[in-house]
Amino acid sequence: MITTEKEEKQGSAPIRQNADSPRQKLRALIVEDNSSDVELVLHALRKGSFELQSDVVQSAQEFTARVRQNTYDVILSDYRLPGWNGMGTIEILQREALDIPVVIVSGALGDVKAVDCIKQGAADYVLKDHLPRLPESVRRAVREKQLRDEHRHAQEELARSNRDLEQFAYVASHDLQEPLRMVATYTQLLAERYQGKLDQNADKYIHYAVDGAIRMQILVKDLLAFSRVGRQEAVPQPVDCNLVIKTVIANLQAAIGESGAQVLYENLPVIVADHGEMVQLFQNLVANAIKFRSAAPPVIHIVAENQKRDWLFSVTDNGIGIAPEHAEMIFVIFKRLHTHEEYPGSGIGLSICKKIVEKQGGRIWVQSQLGQGSIFHFTFPVKKEVVNP
Amino acid sequence: MIAGMKSKAEVLLVDDNPADIDLTREILSKCKLHFHVNAVNDGVEAISYLHRDGNYADAPAPDLMVLDLNLPRKDGRAVLRELKSDPHLAKIPVIVFTTSQASSDISRSYELGANCYLRKPGNLHDFAAVVQSMAEFWLGFASLPHKEKR
């Protein structure tokens, strides 16, 4: 039952509308059991300068078949229908995973029902007594749907491009390792074999090459670690942060012993997270506290405070501190505040921390003054414990 | 160990990277042990060598095999599976020597019958240490199976 409406001569109105705006193409599905009401709806839309292509259905089965077959810009549905009602169209659309705006066109329903329609997902509600309002309502519903589509498209595009970028970082850092190993190994062999046998410049050049290769190896290794965060879809499990710190202390044994560092912690909570990532997070923070120590032996204090919705973790140190103007920059990948001679490193550690925390819906920041130690804070949402089946 | 008591051990390196073969040979040559090193560059060659096919008719049977995992044509996992399921070859100790750190590669290699899994370190000093220790252990301390006369 397809009626294609060509432009019709209807007095002076269409001429004025044509001058203002071209007729908008509209594919509408009308759900209506009263044929004279169908005519009134079509007439109203035509007057609203739509170039209309419309189908009319009455039953839920017909409706379902139509939306499966065709694509529509809008659905105009009566509320009271034989055997069902206009809100049934929304249920069917949801079931079919279709996003088509539904405008309820009905006799008086009363405010409560009208509000209900909108709440349940109708784009608008137009009284049959006020059909001249219909074109504007339809136009708005269609526009909103377009914006929704554009927004969704942009989000999908962003997610895809992020995925591509992560994939690129992963593949690049992974595949760079092998040739880099050749450069590092063989420049080292050169250095070992020919040190002092060429001239002084040669020794210096070889040293630069060896140093560069080693630095790049660290960079590539850390970049790989960064791109690995969140790649493995590990199932979050209860993680005892006290045990995490024990592991961290064991992993950093050499640095702790060498610097005389003390790592203090008390009553840390059990949270729902990925164990490996929690080790990475705390290890990066503790290792930084040791690396950026002041003249005094490092004292690192780890505490957690329950703030109802979040756990607030704080890692306090007595190190060299960070100027407040650099407080944000340090979390950006590759950003460093020191030369390689002062402090070696890739500038990736804290961005890994940030990625781990934010992936879980938390936040990380630093509170510090230059020369007065630092406190790294991060939040971790208090999640419901994993329910055992 | 008294030099001359043993016949020279035969080591087969299977690696597609000539730089790694050279380096491994170089480090092995510094060891005070008696052995002979042969090398092939991919999995198909390795299997031909073991079966003494074609060009390898006179190849000595290896006492120890050092196998990379990622190889052209036939990869190291397939070589390992074939070797360990062949009753004539299964007793040859195989040392997997690769850059892969993937726990799946480590488990799979042992499941397939690898005798040892060693990761290639990224710098010369560690690389040399690993190859030296491997040679000292497997060619010095370890007792290797007698070779069958074929």
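This is a predicted model: local features need pLDDT of at least 70, side-chain atom pairs count only at pLDDT 80 or more; totals for chains, interfaces and linings use all residues.

Let's begin with chain B, and with helix α2, residues 43-51. Its buried residues are Gly43(B), Glu45(B), Ala46(B), Ile47(B), Tyr49(B) and Leu50(B). So what do the buried residues of α2(B) pack against? In chain B, that's β1 (9-14), β2 (35-40) and α3 (76-84). Then, just after α2(B), there's a backbone detail: Arg52(B) has a positive phi, about 50 degrees.

Okay, over to the nonpolar cores. In the largest one there are 42 residues, and the members touching the most others are Ile245(A), Phe282(A), Leu285(A), Val286(A) and Cys353(A). Which helix gives the most to this core? It's α10 of chain A, residues 275-291, with seven residues. Take Leu285(A): leaving out residues up to four places away in sequence, Leu285(A) touches Val315(A), Cys353(A) and Phe376(A). Apart from that core there's another one, of 35 residues, including Ile30(A), Leu45(A), Tyr72(A) and Ala141(A).

Last stop, the contact between the chains. Chain A puts in 11 residues and chain B seven. On the chain A side, helix α6, residues 134-194, supplies the largest share, 10 residues. And how does the side of chain A that touches chain B divide by residue type? Four are nonpolar, four polar and three charged.

That's my tour, thanks.

Terms used:
Residues are numbered from 1 along each chain as its sequence is written. Chains are lettered from A and ligands numbered from 1 in the order in which they are written. A nonpolar core is a set of buried Ala, Val, Leu, Ile, Met, Phe, Trp, Tyr and Cys residues joined through C-beta atoms within 7 Å. A residue is buried if 20 or more other C-beta atoms lie within 10 Å of its own, exposed if 12 or fewer, and partly exposed in between; C-beta atoms are placed from the backbone. Helices (H or I, at least four residues) and strands (E, at least two) are DSSP runs, numbered from the N terminus. Two residues are in contact if their C-beta atoms, placed from the backbone, lie within 7 Å. Ala, Val, Leu, Ile, Met, Phe, Trp, Tyr, Cys and Pro count as nonpolar, Asp, Glu, Lys and Arg as charged, and the others, Gly among them, as polar.
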